[in-house]
Structures are given as C-alpha cells and as structure tokens.
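Student: I have a model open and want to learn how to read it. Can we start with how helices pack?

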Amino acid sequence: MLQFFPLLFSAGLLFLLTIVTGLLPFAQAPMLAGQGVLYDGIASTGAANLVTAVVLGYRGIDTLMELTILFAAAAAGSLAFSRVRRSAGLIAEPPYILDKAIGFLLPLLLVTGFYVILHGHLTPGGGFQGGVLLASAIFLPVLSRSSAQLNHEVISLIEGLAGVTFIVIGLLALYQQGAFLQPLFDHGVFGSLLSAGSLPVLYLAVGLKVGAELAGLLSTLAAEGGEDGTA
Amino acid sequence: MSDLLVFVIVMMTLVAALSALILPNFLAATAATTVVSLGVAVMFVLLQAPDVAMTEAVVGVGLSALILALGLKRLGLWQLDLKADKEDAD
C-alpha cells in the first residue's frame with residue numbers, strides 16, 4: 001500500500017509534464033541570446049568550438065562557480081572519508097594483466113587527457129573531460145600497486161596554482177578590458193593551436209584543477225580499503 | 001542503416017539498465033550502469049552533441065563507475081563470486 005503513493009505521485013507528475021510540454025512551443029521562443037551567440041560567438045572569441053566560446057568566453061563566471069562547487073564537493077568528500085588507518089591499494093597483489101596493462105594505459109591516458117584539454121577550443125572536449133581523464137590516469141597506479149601512494153602535497157599545490165591562474169587571468173581582464181574574465185590577448189590564426197586568446201590557458205587551468213581534485217578524492221576513497229583481503 | 005543502429009543502441013541501453021536493476025551481484029550491476037552510460041554517449045554522438053557525449057563517456061563510464069566500485073569496497077559488498085567458488089570447492 002505504501003508503494004502505491006509514490007507511483008501515483010510519479011504518474012501525476014508525468015501527466016503534468018506531458019501537458020506542460022504539449023502546451024509549450026518547442027524551440028520556437030525568440031532565443032535572442034542563443035541567436036546572438038551563434039552569429040557572433042566565433043568572431044568575438046576566436047574559438048573554433050562554439051561550446052568553449054560559451055563556456056569560457058560568455059559564461060566564464062559560471063565556469064568559476066562550477067569549479068567552486070566541485071572543490072566544495074571534493075573537500076567535503078575527503079573530509080568525510082579521511083580517517084585513514086593505512087593507505088593500501090585496492091588489491092593486495094595486483095593481477096598480472098592489471099599490472100602490465102597499466103604500463104600501457106598510463107601514458108595513453110595522460111596524452112589523451114592533455115590532448116583533450118589543449119584542443120578544447122578547437123575540437124569537442126575541454127577542461128572538464130580532459131581533467132577527469134587525467135584523474136583516472138593518476139589514480140591507476142593507486143588501483144593496482146599497494147605500495148603506490150598519491151603525493152597529496154603536490155596534488156594540492158597543482159590544484160591551488162590552477163585555481164589562482166584562473167582568477168588572476170580574470171582579474172587581469174578586469175584591469176585591461178573592464179570586465180571579469182573577458183577574453184584576453186590576440187585571437188591569432190583561426191583554427192590553429194595557439195589561437196582564441198586566453199581561452200586555452202583558462203581551459204588548461206580548469207583541466208589541471210579538476211584532475212587534481214578528482215584524483216585526490218578517488219585516492220582518499222580508495223585508502224583504508226583492502227584490509228580484509230577478500231578481493 | 002541509421003535506424004537499425006539507433007534500435008540496437010537503445011535496446012542495449014535498456015537491457016543494461018534492466019540488468020543493473022535485477023543483477024544480484026553489485027559489482028556486475030555497476031558494470032551494467034557503465035554500459036547504460038556508453039549507450040547514452042553513443043546516442044549523443046548520433047544527435048550531433050560531441051561535447052556532451054564526451055562528458056557522458058568520461059564521467060558516466062569512468063568516474064561514476066569508479067566511485068560506485070570504491071563505495072562497494074568500503075561497504076564490504078565487493079564480491080567477485082569468490083564465496084560461491086569456495087563453497088563449490090569445499
């Protein structure tokens with residue numbers, strides 16, 4: 001009987017949403033901001049990837065807030081799980097395949113991560129995606145080798161420097177152009193690696209910050225495991 | 001061709017989502033959720049949203065599966081059917 005009410009609630013919500021979406025004209029609104037970005041985005045930022053132009057050029061403060069939320073979440077998670085008794089790898093003795101595969105996977109993941117970050121203004125992808133790739137690359141040795149341990153001081157140094165870089169670029173733009181996080185520098189040749197002004201630098205900072213944060217969180221989660229030796 | 005591809009991907013995603021619900025082994029259910037994310041990521045590529053697809057692939061397949069697996073480890077639910085094997089051997 002108790003399960004009946006959530007079902008009723010879901011059905012009512014679904015009905016309501018269906019009615020509301022049926023009444024709304026789909027993608028027929030004026031969409032003035034969207035049209036403006038479509039016509040003007042690439043010319044005003046110099047980034048070939050329009051998503052990057054929006055994320056870093058038009059909505060830079062949004063990205064900064066996202067980084068802040070991620071930082072708060074990672075800090076809270078690390079705080080909740082930081083009762084480390086003994087930092088052990090997940091698996092007491094790594095299986096042969098895992099042990100050997102990591103040697104191939106680690107450089108591949110690092111190169112892919114940095115490629116995705118540095119080409120964020122040209123091709124799909126960017127700081128967040130590449131940062132998660134970097135985090136998984138850094139986490140791989142912790143997964144396999146029980147002796148491997150993440151150097152938390154270096155990680156937090158990288159994270160802090162990346163965050164400071166982002167904000168310093170924003171303040172520099174505030175000083176030079178009169179708006180916080182306004183795209184800086186010359187646009188350069190459209191479509192080349194060194195183009196789009198300050199956007200690649202911002203994305204590099206985002207990627208390093210996300211990667212360092214998530215790697216720290218994952219290694220905190222993985223610590224203290226493996227003491228029962230069942231896996 | 002494209003319709004067939006979409007059909008196969010949607011069926012794969014649905015089957016993986018159902019198996020994530022009904023699989024008794026939590027580790028296998030975690031693996032099934034990554035298959036769901038993979039199918040959704042391919043759908044995003046077909047819908048011409050490569051940025052979203054890349055985020056879905058990296059976060060859904062990689063990060064959330066890792067966090068789920070580490071959570072299983074902490075809760076003591078990480079089992080690779082070792083117990084059943086031992087009982088069989090005994």
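Tutor: Start with handedness. A crossing is left-handed if the near helix is turned anticlockwise from the far one by less than a right angle, and right-handed if clockwise. Keep in mind that this is a predicted model.

Student: Which hand does the crossing of H1(B) and H2(B) have?

Tutor: H1(B) and H2(B) cross in a left-handed sense. Here H1 is residues 2-22 of chain B and H2 is residues 26-46 of chain B. Their axes come within 8 Å, at a crossing angle of roughly 155 degrees. Angles over 145 count as roughly antiparallel, so H1(B) is roughly antiparallel to H2(B).

Student: What residues make the contact?

Tutor: From H1(B), the contact includes Val6(B), Ile9(B), Met12(B) and Ala16(B). From H2(B), Val35(B), Val36(B), Val40(B) and Leu46(B) are among them. By class, the contact of H1(B) with H2(B) has 14 nonpolar residues, four polar and no charged.

Student: Now chain A. At what angle do the axes of H7(A) and H8(A) cross?

Tutor: Roughly 150 degrees, with the axes coming within 8 Å. H7 covers residues 152-176 of chain A, and H8 covers residues 199-222 of chain A. The two helices are therefore roughly antiparallel to each other. H7(A) passes H8(A) in a left-handed crossing.

Student: How many charged residues does that contact of H7(A) with H8(A) have?

Tutor: Three, alongside twelve nonpolar and four polar residues.

Student: Next, the interface. Which helix gives the largest share of the side of chain B that touches chain A?

Tutor: First, the count on each side. In chain B, 16 residues are in contact with 16 residues of chain A. Helix H3 of chain B, residues 50-75, supplies the largest share of chain B's side, 13 residues. That side of chain B divides into eleven nonpolar, two polar and three charged residues.

Student: Last point, confidence. What pLDDT does chain A average?

Tutor: pLDDT is the predictor's confidence in each residue, from 0 to 100. Chain A averages 78, and 84% of its residues score at least 70. Among the elements of chain A, helix H1 (residues 4-23) has the highest mean, 87. Helix H2 of chain A (residues 32-45) has the lowest, 77.

Student: Where does pLDDT stay under 50 in chain A?

Tutor: Over residues 225-231 of chain A. For that stretch the model has 18 contacts beyond four places in sequence.

Definitions and conventions: Residues are numbered from 1 along each chain as its sequence is written. Chains are lettered from A and ligands numbered from 1 in the order in which they are written. This is a predicted model: local features need pLDDT of at least 70, side-chain atom pairs count only at pLDDT 80 or more; totals for chains, interfaces and linings use all residues. Axes are lines fitted to C-alpha atoms, for helices over the stretch in contact, and angles run from 0 to 180 degrees between N-to-C directions. Helices (H or I, at least four residues) and strands (E, at least two) are DSSP runs, numbered from the N terminus. Angles under 35 degrees count as roughly parallel, over 145 as roughly antiparallel, 65 to 115 as roughly perpendicular and the rest as oblique. Two residues are in contact if their C-beta atoms, placed from the backbone, lie within 7 Å. Ala, Val, Leu, Ile, Met, Phe, Trp, Tyr, Cys and Pro count as nonpolar, Asp, Glu, Lys and Arg as charged, and the others, Gly among them, as polar.
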